[in-house]
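Student: Hi! Could you walk me through the fold of this one?
Tutor: Happy to; let's look at it together.

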Amino acid sequence: MAHEIILHNYPNSPFSEKVRVALGIKKLAWRSVVQPVIMPKPDLIPLTGGYRKIPVLQIGADVFCDTQIILRELERRFPSPSLSPQNRGAPYGLGFWTDRQIFQAAVAIIFGEIGDQVPEDFRKDRAAMSGGGFNSEALKAAVPLMRDQYRAHTQFLEDQLSDGRAFWGGDKPGLADIHAFMNPWFVGNALPHKARATIAEFPHVQAWYDRVKALGHGTPTDMSPKEALAVAKAATPEAKEVADPNDPNGRKPGDRVKVSADDYGRDPIAGEIVFSNAHEIAIRRSAPEVGEVVVHFPRAGFVVQPA
């Protein structure tokens, strides 16, 4: 039985926008489950085992956490049109550039301006997720530096597009465009009055941004969080046990481990290894609301430890 694509997201999530653009490039139909922006997330945590970040992709009883593995899985299941027909590995590496360095600058630019207007519960949630604090004065102080950084990184994109190409890799959109689009979309969505100001000196970026935006999001239809839980409970995970003969730490199917992000939102998720390789680790776990599920994580940017 083929299961529907279910994306747990919320409208203002920049990382969700990456996946929505990928679904647009591939012209896929999908179900949109809108999850809360902050904790508690009572209809997400049973699926993920504790992973709280958005987006999460669900296909039946297989659950994919982090855009890196979500985009890889969409490409595996729906290879045409390809997100990465050339330089298959490099665009995934670009994701670390956009998700960490440029994203940090975008966050400071946005919250340096609107941080004082952010509700207290959001501040507390993001402080807990980062393991630090949410200090709007510190963010304001960082804005001049981060504007410089954001501009420098945007110049890289302008240079890439300066020969008149339509997209990062040529005439077709792909994974690099998805990564590079996220931060200007985030700034423009959060600060609509400055949507063009941050890219005003970059004519190629402006034209490219409009082309990526025009790709759309495929064909979404709404699904409730409770419906998504019921789909997982009625399904059987597709992931099969496969040993990894090259695992540098000798891990094998059946080992109990905990997996956590290495940047923020480091909540550990525990389960038994189903399979692992250089790109991915999948662990089996269960909860009353969903029965048995397999949760998939990337290896890059995640820490795996004995449970």
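**The sheet and its helices**

Tutor: This is a predicted model. Its ten strands form an open sheet, ordered β5-β2-β1-β3-β4-β9-β8-β7-β6-β10, with mixed pairing.

Student: Which strands stand at the edges?
Tutor: Those are β5 (219–222) and β10 (302–306). Each has a single partner strand, so one side of each is left without a neighbour in the sheet.

Student: And by how much are neighbouring strands turned against each other?
Tutor: On average by 35°, with direction ignored.

Student: What about β4 and β9, in which sense do they pair?
Tutor: Strand β4 (residues 62–65) runs parallel to strand β9 (residues 291–298), and three bridges join the pair.

Student: Nice. Switching to helices: where does α1 pack on the sheet?
Tutor: Helix α1 (residues 14–25) touches β1 (6–9) and β2 (29–34). The direction of α1 makes about 150° with that of β1.

Student: How does α1 sit against α4?
Tutor: Helix α4 (residues 90–114) packs with α1 at an angle of about 150°, and the axes are 12 Å apart. The cut-off for roughly antiparallel is over 145 degrees, so α1 counts as roughly antiparallel to α4.

Student: Is that crossing left-handed or right-handed?
Tutor: Right-handed, for α1 and α4.

Student: Which residues make the contact?
Tutor: From α1 they are P14, F15 and K18, and from α4 they are G95, T98, D99 and F103. By type, the residues of this contact divide into three nonpolar, two polar and two charged.

Methods. Residues numbered from 1 in each chain as written. Predicted model: local features only at pLDDT ≥ 70, side-chain atom pairs only at ≥ 80, totals over all residues. Heavy atoms only, no water. Pairing = 2+ DSSP bridges. Helix = DSSP H or I, 4+ residues; strand = E, 2+ residues; numbered from the N terminus. Axes fitted to C-alpha atoms, helices over the stretch in contact; angles between N-to-C directions. Contact = heavy atoms within 4.5 Å. Parallel < 35°, antiparallel > 145°, perpendicular 65-115°, else oblique. Left-handed = near helix turned anticlockwise from the far one by under 90°. Nonpolar A, V, L, I, M, F, W, Y, C, P; charged D, E, K, R; others polar.
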